[in-house]
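The following paragraphs guide the reader through a single protein chain. Please keep the sequence and the model in view while reading.

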Amino acid sequence: MILRRNKRSVPQLNTTSTADISFILLVFFLIMTSMDTDKGLARMLPPVNDEERQEETVDVERSNVLSLKITADGGLFVDGKAYDIGRLRAKVVAFAGRENGRRQRMINLEVDRSAPYDAYFDVQNEIVAAYKIVRNGYALKKYGRAYALCTPEQREAVRAYYPQRIMESETRSGEGGGE
């Protein structure tokens, strides 16, 4: 008896649709995934080159300057007096919202080099929130709508009416201030 050996073939899987399914899943996850955006402060940093630097000297009355100081331990001083960060927004709203000399208003922020970044960030957030309140109130009064709903031209007019001027300087522990 002669035994014949049949070659057994391995059944093949049809993988042509696997690539299509993988591509569809990739597209699905790219579309459905939310990309986290960095959060931070929208600030224009000074240019590196001295030639590009434009400094403007303006005489400002003392009553039009709000002095803020962040100490090395994260303490906040407003016009030389200890102040709570929770009340800063109301103070800046009252300062920025005054009508007399509003275009000459300036916030002088003095930060100790060894101050915690969180304290600096909190102060900046309170200043931005305060200006948002002031500008929103003006936009409601002038245009009858919230600042966020204004046209770009109207927003520019509101920003020109209530400009946000912040002068920042840094000190080292033990220098200046006398607090």
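In this predicted model, Phe23 lies in helix H1, which covers residues 16-32. The residue is exposed, because its relative accessible area of 56% exceeds the 50% cut-off for that class. Phe23 also belongs to a nonpolar surface patch of about 1300 Å², whose other members include Ile21, Ile24, Leu25, Leu26, Val27, Phe28, Phe29 and Met35.

The chain as a whole may be considered next. It contains four helices and five strands, and from the N terminus these elements follow the order α-β-β-β-α-β-α-α-β. Of its 179 residues, 26% count as buried. The chain exposes about 13900 Å², of which carbon and sulfur atoms supply 54%. Among contacts between residues at least 6 apart in sequence, 69% join residues at least 24 apart.

Which residues of H2 are buried? They are Leu88, Val92, Phe95 and Ala96. Viewed down the axis of H2, the buried residues fall within an arc of 85 degrees, and therefore they line one face of the helix. The face turned away from this buried side carries Gly86 and Ala90, which are exposed.

The buried residues of H2 pack against several other elements: strand E1 (65-70), strand E2 (76-78), strand E3 (81-83), strand E4 (106-112) and helix H3 (117-143).

Conventions: Residues are numbered from 1 along each chain as its sequence is written. This is a predicted model: local features need pLDDT of at least 70, side-chain atom pairs count only at pLDDT 80 or more; totals for chains, interfaces and linings use all residues. Side-chain values use heavy atoms; hydrogens and water are left out. Patches are made of residues with over 30% relative accessible area and no salt bridge: like charges are joined within 9 Å, nonpolar side chains (Val, Leu, Ile, Met, Phe, Trp, Tyr) within 5 Å. Accessible areas come from the Shrake-Rupley method with a 1.4 Å probe; for residues, only the protein chains shown count as cover. A salt bridge is a side-chain nitrogen of Lys or Arg within 4 Å of a carboxyl oxygen of Asp or Glu. Helices (H or I, at least four residues) and strands (E, at least two) are DSSP runs, numbered from the N terminus. Buried means under 20% relative accessible area, exposed over 50%, partly exposed in between (1.4 Å probe, protein chains only). The arc is that of the directions from the helix axis to the C-beta atoms. Contact means heavy atoms within 4.5 Å.
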